[in-house]
Amino acid sequence: MPTPLDIVVQCPVFNSFRVQQVAGMFDVPLAEKVSQRFSVEVPDLTGELDWRIGLIVGPSGSGKTTVARRLFGPRLVEHASWPDDRAVVDCFGDRSIREITGLLTAVGFSSPPSWIKPYNVLSGGERFRCDLAHALAGCGSADPMADGSAGLGDGAAQILAFDEFTSVVDRTVAKVGSAAVAKAIRSGKIACRFVAVTCHYDVTEWLAPDWVLDMSSCMFQRRCLQRPPIQLDLFRCHRRVWRLFAKHHYLSGKLNPMARCHLAMWEGSPAAFCATLPVIGRRRHWRISRIVTLPDYQGIGIGMRVAESVGDLHRSQGHRFNVTASHPALIAHCRESPLWRAIHVQKNGSRGKGKFAPGYHGSAGRAVVSFEYLGPPRGHRRPEPNADGCSKNSSAPRGPGEPAE
């Protein structure tokens, strides 16, 4: 049940000559204008909690931060400081590397090449996700290997409020970041209740909050929104497109000239890239050689949705289809999905450098897991959209001048 909250804030008036001039010129009632009252209804934070995500939204100056400070006190995160001489992954205290990468991945920051850079050289979108991960680090574990039943133990009652949520990022990053953090919290990978405080209304449907306090009208509402579907267009593309994605891949930026390349577009913009190659020595057997989602689109399952769509294309041609990876998010997805089957685990990687062909690099020195894509059961139609809200263009048009699959 919502409870009423009444707040009166005041500030001192400095009786200077210019203050009196302004008051006289515009007939400003000083005593009246230096105080403001906010009367709103808020969720009951002391009783049984039956929500996970809340939203306080309203225009600048409407009292969002004032109400959030009164409600959440020190649990309201307003600013974070990052050192310029340390990598991002070194700024999470004593947490294990598994927990840190889990947190970063959970908020959609899944680029190992960027994890090793200082905060001050990252893009605005990456900084936003780092701030979010750092704030959530105080709430509980974030294990990318955890299933949905984990995490909501004693930490479930913890509440984190995040001020200026998505205020400094473009609106695509805002939407994807909102969906990513909502997905992580609802799945239990991050064990906390989250309240976003923002002046942007466009994140509402992407966060899908359980309640909304709109400070423009001082109205409190219980909401039950469904996140919008994401429509992806999948194309065969020229290998030159790889240049846009190469720097975001955690392995070599090289691409085999024989690779079959696919590009996924969202609302007319490149979002993800997938390249496949024949498995050497195995007839009608293909593998993913590169799968990359641009940082602005990470955290909501686009990469694996593209990988599975490309897998469907190969399977329709009678191919078996594999992926071998060390990225924790990819491994966690394949392990939990009935569409994939683990076929091989190599704790020390393969020793295949130069084994099959000049320039071939194996996975020596890093743990990898290989999965085979099984695809949906025969006769099964993949739900549109799927559980992650992603759908694909079933027509999968080809790029200009590109061969058909």
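1. Basis. In this predicted model, local features need pLDDT of at least 70 and side-chain atom pairs count only at pLDDT 80 or more, while totals for chains, interfaces and linings use all residues. Residues are numbered from 1 along each chain as its sequence is written, and side-chain values use heavy atoms, with hydrogens and water left out.

2. Overall chain. The protein chain has 10 helices and 16 strands (DSSP runs: H or I, at least four residues, for helices; E, at least two, for strands; numbered from the N terminus). Of its 405 residues, 48% count as buried (under 20% relative accessible area, 1.4 Å probe, protein chains only).

3. Helix H7, span and ends. H7 covers residues 171-186 and reaches 22 Å from first C-alpha to last, close to the 22 Å expected at 1.5 Å a residue (1.5 Å times one less than the number of residues). Asp170 caps the N-terminal end: a side-chain oxygen lies 2.9 Å from the backbone nitrogen of Thr172. Gly188, with a positive phi near 90°, follows H7.

4. Helix H7, packing. Its buried residues include Val173, Val176, Val181 and Ile185. The buried residues of H7 pack against several elements, among them strand S3 (53-57), helix H6 (124-136) and strand S10 (260-266).

Definitions and conventions:
Buried means under 20% relative accessible area, exposed over 50%, partly exposed in between (1.4 Å probe, protein chains only). Contact means heavy atoms within 4.5 Å. A polar contact is a pair of N or O atoms within 3.5 Å; within protein, one must be able to donate a hydrogen and the other to accept it, and residues adjacent in sequence count only if both atoms are side-chain atoms.
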